[in-house]
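What follows is a short report for a reader who is meeting this structure for the first time. Please look over the sequence and the model before reading on.

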Amino acid sequence: MAVAAAPVVPPGTKRRGTKEEVRRGDGKVALGFLTPGALGFLAFTLFPVIASLVMSFFDWPVLGTPTFTGFGNYVELFTTDDTFRTAIVNTLLFVVLYVPVNIVVSMGLAVWISPRIKGRRYYRVLFFIPAVTPMVGNAVVFTLLLTPNGLVDSAMKSWFGVGAPNFLGSSAWAMPAVVLLSVWQGFGYNLLVFSAALDAVPQHLVEAAEIDGAGAFRRFFNVVLPLLSPSIFFATVLTLISSFQVFTQSYVLTGGGPGNSTTTLVMYLYQSGFQFFRLGFASAIAWVLFVFIMIITAVQFIGQKRWVHYDQ
Amino acid sequence: MTSDTRAPSPTLVRRPAAPVGPHGRHRLRRTVSQVLLTLVGLGFAMPLVWMVASSLKSGGEVFSTPPKLLGDQLLFSNYTQAADYLPFGRFMLNTLLVAVAGTLITLVTSAMSAYAFARLRFRFREAVFLLYLGTLMVPQEVVVVPMFLIMKNLGWVNTFQALILPWAFTAFGTFLLRQFFLTIPTELEEAAKIDGAGHWRILTRVIAPIAAPAFAVLAVFTFITYWNSFLWPLIITNDTSTTTVPLGLNLFLGQNGQEWQLLMAAATISMAPTVLLVLVLQKYLVRGIALSGLGGR
């Protein structure tokens, strides 16, 4: 879901209004304007967040009475639960494979398309299209491509005489297949973000570097890339956050299998909560996921000082 | 690390205006680049092309070695047959209802809250806004379990309100619109105030028209998010009367004796609305993403 742009624009940058207005305040009007949104926000965001945390300390079946177990769920997760360990490893594997490929591909294509390619607008839209189509649809199509006798397999058979591996049925290939689908589906977003950033690079800086004798590589790495660093940072943060939440791709493409080879944290959460009906346990998984995301985001924000250039 | 300002070393200063064929070489490079990019684009589009092509084949022709793009004839009847197999028309209507209603609620409530946060003064404004912002960090998965219990206790399992309401009040829309509202000069509304306009009138007649691009971007992305949503419908519905398109596709995939050509027809239908939306509104969207880095991903 929308995990958003908090870092880009500092909140409350503008102060306005006459002194008289400040003194009076708009309390009642504000209440009127805020109430509809705030009620929904309380009922469907704030309350569930708190409830989720509380539930994670309970043994909470769908039917029957919840019992308080303290850290029981967390202890079980981290000490005895092999599936959870596998899910963490798989999720991290996905993140490690997916995020760099996504960033490199989207940046590479953005740079390629940006300067003087004819019809670049159409390329951008083309690469963006899978990002707005249902993930399930994309996954269904990839199933057809990657299944035995599917397009990839039969093309390889007729070109090389050797069939393709059974991508979705082999524990070695299933995760790469999930990553492939995800990259295909997802990099268009970052492509657009990078394209916009590239368009905003002042040409005179690049030209100055050229006159100073910098070759194409140096111009890119020493001039353009530092100017892009804020959008790279931003794109990486969002891509990382969303990649920790990978679910639909592996649910539809491989069902988490073969074995547990593509079972991710969110899939295990889904299974625990809605197939085994252990709601408290599922909530605990959700909070572990949340903490993972917070840590990785915090680390990035701390690390950004070393490489992100916000000045001109 | 920023621009390299050292004095140009003499050996490197033969760059400007490549002496050999100032046009010829450049043009060749550009043509090669264009051809390569077109190939990459085609490769990228292949899954979608294959999907549409397969949706028009006969069952026996979907898997063939060597692969053939098109079958002997184009069977448009696959589309009607897919609709017989599972009620896809129904699923489309369900999803449309959910997406449109969800988008409308999101737009209205976000605009009102954004107006309050951007234009009104009240106690704890910054604190409340920070609270809103804070929840943007929380992934959907955290609230999904209690949300299910809430819906169950309300007796809302398998209802449209359960599909719509929980996701219509995220702080995201409020945040996005507030950022945009802040850029609108206050002089405009002060003029309206002098003419006797109230806050509601200022929001709907002065601010909303100016902020139309921001509303458009928020509307499209909210619609797309609802249209593509999978995890929540998977949890909260188990009845075809409320099944949405992505869920229907997944049901289809799970059925025995797979009819791939029908499945591809269904997949094509599922993608059509959002693809059309993006094609029509591409300018808006590209600019919106560029400005806000917005996106569901």
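A:Phe127 sits in helix α5 (residues 120–132) of chain A, where helices are DSSP runs of H or I with at least four residues and strands are runs of E with at least two, numbered from the N terminus. A:Phe127 counts as buried because its relative accessibility is 0%, buried meaning under 20% relative accessible area with a 1.4 Å probe and protein chains only.

Leaving aside residues up to four places away in sequence, A:Phe127 touches A:Leu109, A:Ile113, A:Phe187, A:Gly188 and A:Leu191, as well as B:Val40, B:Gly41 and B:Phe44; contact here means heavy atoms within 4.5 Å. The C-alpha atom of A:Phe127 is separated by 9.0 Å from that of A:Leu192, which is 65 residues away along the chain.

## Basis of the model

This is a predicted model, in which local features need pLDDT of at least 70 and side-chain atom pairs count only at pLDDT 80 or more, while totals for chains, interfaces and linings use all residues. Residues are numbered from 1 along each chain as its sequence is written, chains are lettered from A and ligands numbered from 1 in the order in which they are written, and side-chain values use heavy atoms, with hydrogens and water left out.

## The interface of the two chains

The contact takes 116 residues from chain A and 116 residues from chain B. Between them the chains bury about 10600 Å², of which 73% is on carbon and sulfur atoms; this buried area is the accessible area (1.4 Å probe) that two parts lose on being put together, summed over both.

One salt bridge is found across the interface, and in it the side chains of A:Asp26 and B:Arg121 meet at 3.8 Å, N to O; the rule asks for a side-chain nitrogen of Lys or Arg within 4 Å of a carboxyl oxygen of Asp or Glu. On the side of chain B that touches chain A, helix α1 (residues 24–54) of chain B gives the most, with 17 residues.

## Annotated spans

For chain A, an unreviewed UniProt entry lists "transmembrane region" at several spans, including residues 87–113 and 125–147; such annotations may be inferred rather than shown by experiment. In the model, residues 87–113 of chain A are 100% helix and 0% strand, with end C-alpha atoms 38 Å apart, whereas residues 125–147 of chain A are 87% helix and 0% strand, with end C-alpha atoms 28 Å apart.

Note on methods
Buried < 20%, exposed > 50% of the residue type's maximum accessible area, 1.4 Å probe, protein only.
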